[in-house]
Amino acid sequence: MLRALLTAHISEQDLSLLTLQMNNKAIGHLTSEKSVNVVLSGNREVHLCSAYYSLENSSLERNHLLEEMKRFESIFKEMQNLGLAALPDLLSRYQADASFLMAASADLILLWQDRQKGVYLLRDGALFRLQPILPPQGVFPRDFMLGCDFYTLTPRADDLLILLTPAFVDYFKAEELEEVFSSRQQLHACMNNLSELGKTYGYNFEQSWFALQVQRVEVNSIQQGAPNEMTVGEEQRRITRARRFSKLVGRSRVSRVRFGQALVPAVNTFFHQREHRHDGVSALPQQQPPQDRPRLGSTTSSPPPRIEILDAEARAQRAANLEALAGRRKKSRWDEISEQLREFSLEPFRKRVKSFLKKFFSLWPDQPVLSKFFATASLILALLLLLFIFRSLARRGELPPPRSEEITQATQAETVQIGVSAVAPKETTLEISHLVQANNLQLRSAPDAASALIGTIQRGEALLQLAPEEKGWIYVRDQRGVEGWVYADYLRE
């Protein structure tokens, strides 16, 4: 699996011509989404990006390009199960074509791009330019992406692969580009800073660009519980095919931009065909190159010529311009905090924890069983110790339980209203004992629910009936000598 961040910018001029398809998301001319900037992050078996240019504003060409986009969308979905090694067969089956194509997996990155863009790689703080190579013979369709250079690369974590116009790169020192791209800023912010910096050099040409930032690489990992429910054997065969395909395809050479970024083109058999003969018979007629059409980032106007080495006066003016730009770009404290929050990642912490657990469970490499048993027992003891400490702290905050005498007193306690007395009945000749069955039984001054409240009696307290029942009410006396009327249904003899 390859976790990557795909970033792209479409210039205002290319927005009416260019359509960019990144995995299952498309933006640009042929779509309803006319954004100039796009950022797409994901963990995929294969990332697939393609671009299409519309030269004619006709429904025929529009329908043709939409069909091409559907074909590459189908190829993208099938490669999630089959892997990058299935790309040649899928290209032959769907007969797909584009102006630009990049397919990236954890083992290999394949890229087709014309020479109007350079392919640059930032690795370990150094900026390199990739050099094209010849596609392996008999692997990809013979007429696929004719006129484009072919690049390959083995990805590593934290790699940055970016497509830029070489004339734009020439305006800067390599150290400046390496410093900007190595910063923790988002790539759109880096390119905006470079564009403003390029204006001080006289480069006022807005360009389209595309970049892939590698975040995590999981090479030849068997996916457990994958959505496609592949068995371990099928997944192992897929990994074996990926390894063979990776060995079959060569790797592009690189040249560090600091020492020059001259392009060393590979011999393109399309532009340099020879007449192959066998037994005096011409095997294949010489094909004509297709009509030139602009590729990713191309425009109808060419970029301005590169300025020559600046003299002392021009350098002073440039320094003043840079100071003015830096003054306008001062960030507030909130902007810095927001940028840090956006760039925050738990990936370093996860790697450290994974490394610690791996070392902890292999304390004795010669005795793996004993190491795992000791590590497991230590973790269980640590969890038990934490549980004991937590329970001890919880008990410390609890109140001590009340004594039995306090419970009895609280149960039998009653609330008495001062200055309220009961209306005694005419005859008080009875003495029958009752127990209270309700909580907070109300003791009233008369056999009426609207009469004055004398107090409340708790459940379980003994009362003495002094007179016969009257309208469902009984005249009683509690253990403290307070007399009043209570409802008979809440008493039990």
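Guide: Leucine 18 stands opposite tyrosine 53 in S5. The model that holds this pair is predicted: local features need pLDDT of at least 70, side-chain atom pairs count only at pLDDT 80 or more, and totals for chains, interfaces and linings use all residues. Residues are numbered from 1 along each chain as its sequence is written, and side-chain values use heavy atoms, with hydrogens and water left out.

Strand S2 (residues 18-22) and strand S5 (residues 47-53) run antiparallel and are joined by five bridges. Strands here are DSSP runs of E with at least two residues, helices are runs of H or I with at least four, and both are numbered from the N terminus. Two strands count as paired if DSSP finds at least two bridges between them.

S2 also pairs with S3, again in the antiparallel sense, over four bridges. Methionine 22 has lysine 25 in S3 as its bridge partner. The two strands form a hairpin with two residues between them, and asparagine 23 in the turn has a positive phi of about 55°.

These strands belong to an open sheet of six, in the order S3-S2-S5-S6-S7-S10, with antiparallel pairing. Strand S3 (25-28) and strand S10 (149-153) stand at the edges with a single partner strand each, so one side of each is left without a neighbour in the sheet. From one strand to the next, the twist averages 10°. Helix H1 (residues 59-82) packs on the sheet, where H1 touches S2, S3, S5 and strand S6 (100-104), and its direction makes about 175° with that of S5. Contact means heavy atoms within 4.5 Å. Axes are lines fitted to C-alpha atoms, for helices over the stretch in contact, and angles run from 0 to 180 degrees between N-to-C directions.

As for the setting, the secondary structure of the protein chain comes to eleven helices and 23 strands. Of the 493 residues in the protein chain, 38% are buried, that is, under 20% relative accessible area, with exposed meaning over 50% and partly exposed in between (1.4 Å probe, protein chains only). Among contacts between residues at least 6 apart in sequence, 71% join residues at least 24 apart. Elsewhere in the chain, phenylalanine 349 lies in helix H9 (residues 347-360), and this phenylalanine 349 counts as exposed because its relative accessibility is 57%.
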